[in-house]
Amino acid sequence: MTELSTIYKLSIIAFIGFIQACSSTCPVMECWFVQEKPGRGGGLTGATTQEKSLLHIRTDAQSEAAEAQRAPADINPSRVYVITDPSATLCHPSLNPPRGSIKKPQCEINPFLPQPSSIKWVASLTEPALSPPYLQADWFSASFQNLDKHLGVSTISRAPTGSKEHDVILSITSKTMSAKSRLGEPVTLDCSFWVDPSTPLSASGFAVEWRYQTRGDGRLVLAYDGKMDRLADSQERGVSLDFQALHERGNASLVIEEAKVRHAGTYICTVYLPYLLAQVAMELEIVEPPSLSIHPSPLPLAAPGQRVQVQCEASGFAPLPLELSWEFKGADGKSRSLGSGSMSGHRQAWDGTYSQSSRLELDTSKMDLGRGGEVTCVAVHAGGTRRASVTLNAIGFSSPSIEDSMAMVGVALVLYGLIKFVSWTFTGSGSNKADEPNKKEK
């Protein structure tokens, strides 16, 4: 598939987005303009400064409605910008909260310097090694995140030198800024991009890169040179892109075939054009609740003065931490807490999941178990609460109830009557047999 057809299809998508935007309202967004102060004497850069700015978003460069609005008193007029986004990505309803809302979407804008990349799957985009005159302008990068932090957008925009009217050239969007998955499930990390078909940079193709980072460590997951239609050799196993959707719709989503604990962390989706790049970072959390087992099962019969030990094993969970506790539910239906018991340290298995146990000792000389009941191990975890129970039978802990006493008296009376009846029967039978010889002698 040629790059021209790719750009043509992306431009159709942009037109559809534009039609959808006509029925929606684009936001006026407060944003932080962040830049580094130049160092003294042309040396190292100084401290970072930030100023409040205002972005009037529109989808049509001919629209004047947004420009008519005045900036708040606390915003410098030089930091008021008009952003034209034909794709209408920035007009998403979640980026446009109702007026008067205290909470607002996160927004940051920075100066951007276009430059070629030496990365091997990107270098083909700038092979002529000549910077086109088109780059001689003011460039900016901006990042946006909606209130629930599930939608993230990053843009690269261009403005004629000294102008406050910016045109979005490249935008990249993710709807899975914070994703969760259980072990073994397929995961799709959303990432899509749009390129302004009118920019001369669009004719030179694109590249896509996925990287993984966690706790300071990072690795390349997947890289694709869209111009040469070639994957990097260092692709990680078990991940893929939909190349047809990538070229037809700009869908660069990463598919993880089977989620494992090692997949948890930060994923960065980067899209390259010649001299430009935009990226979004998203978090993937692998959440697997524990499996519980209680030993021994069944529990031995408990009597006053005995010590009964029981252990609960939680295994196969991720991530840490885990809370284990014990409960006892008597035969009367009343429950009471038995505390957390004696906790072990956590242990990590070969697949990255954890296990942990709690040992509980029931001192029957210090607690009344009544007629027994149910001992329950409770595990509280980010993946949900799990319970496992075992029956505890007990004898000799409590006096019989009134009902039990009455029943015992009734049974005793019945037994007494039965014994008397049998005794009378045998006694009477014996007397009759003793009288028979006397009758014969007579």
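Glutamate 313 is buried, at a relative accessible area of 18%. Here, buried means under 20% relative accessible area, exposed over 50%, and partly exposed in between (1.4 Å probe, protein chains only). Glutamate 313 forms a salt bridge with arginine 347, and their closest N and O atoms are 2.6 Å apart. The term salt bridge requires a side-chain nitrogen of Lys or Arg within 4 Å of a carboxyl oxygen of Asp or Glu. Arginine 347 is partly exposed, with a relative accessible area of 35%. Glutamate 313 sits in strand 19 (residues 307-317) and arginine 347 in strand 23 (residues 347-348), so the pair ties together parts that are 34 residues apart in sequence.

Strand 19 also pairs through bridges. Strands pair if DSSP finds at least two bridges between them. Serine 293 stands opposite glutamate 313. Strand 19 also pairs with strand 24 (residues 354-363), in the antiparallel sense, over 9 bridges. There, glutamine 311 stands opposite arginine 359.

## Basis of the model

This is a predicted model: local features need pLDDT of at least 70, side-chain atom pairs count only at pLDDT 80 or more, and totals for chains, interfaces and linings use all residues. Residues are numbered from 1 along each chain as its sequence is written, and side-chain values use heavy atoms, with hydrogens and water left out.

## Overall make-up

The protein has 3 helices and 26 strands. Helices (H or I, at least four residues) and strands (E, at least two) are DSSP runs, numbered from the N terminus. Of the 442 residues, 42% count as buried.

The accessible surface comes to about 24,600 Å², and carbon and sulfur atoms hold 54% of that area. Accessible areas come from the Shrake-Rupley method with a 1.4 Å probe; for residues, only the protein chains shown count as cover. Among contacts between residues at least 6 apart in sequence, 64% join residues at least 24 apart. Contact means heavy atoms within 4.5 Å.

## Nonpolar cores

The largest nonpolar core has 41 residues. Such a core is a set of buried Ala, Val, Leu, Ile, Met, Phe, Trp, Tyr and Cys residues joined through side-chain atoms within 4.5 Å. Trp139, Leu189, Phe193, Trp210, Leu254 and Tyr267 touch the most other members. Several strands each supply at least two residues of this core, including strand 7 (165-174), strand 11 (207-214), strand 12 (217-225), strand 16 (265-273) and strand 17 (276-286). Strand 17 gives the most, with 6 residues.

A second, separate core holds 25 residues. Among them are Leu322, Leu338, Val390 and Leu392.

Strand 12 and strand 13 run antiparallel and are joined by 2 bridges. Tyrosine 224 has leucine 231 in strand 13 as its bridge partner.

Another open sheet has 4 strands in the order 21-20-25-26, with antiparallel pairing. Strand 21 (335-339) and strand 26 (384-392) form the edges. The twist averages 25° from one strand to the next. Angles run from 0 to 180 degrees between N-to-C directions, with axes as lines fitted to C-alpha atoms, for helices over the stretch in contact. Strand 25 (residues 373-381) is joined to strand 26 by 9 bridges, and the two run antiparallel. Valine 380 stands opposite threonine 385 in strand 26.

## Other salt bridges

Side chains of opposite charge can pair when their charged atoms come close. The whole structure contains 14 salt bridges. One of them joins the side chains of glutamate 30 and lysine 104 (3.3 Å, N to O). Glutamate 30 lies in strand 1 (residues 28-36) and lysine 104 in the loop between strand 3 (80-84) and strand 4 (106-111), so the pair ties together parts that are 74 residues apart in sequence. Glutamate 30 is partly exposed, at 35% relative accessible area. Lysine 104 is partly exposed too, at 46%.

Glutamate 327 and arginine 387 also meet in a salt bridge (3.1 Å, N to O). This pair links strand 20 (residues 323-330) with strand 26, across 60 residues of sequence. Glutamate 327 is partly exposed, with a relative accessible area of 27%. Arginine 387 counts as exposed, at 54%. Elsewhere, salt bridges with shared partners join Arg219, Glu236 and Arg262 into one network.
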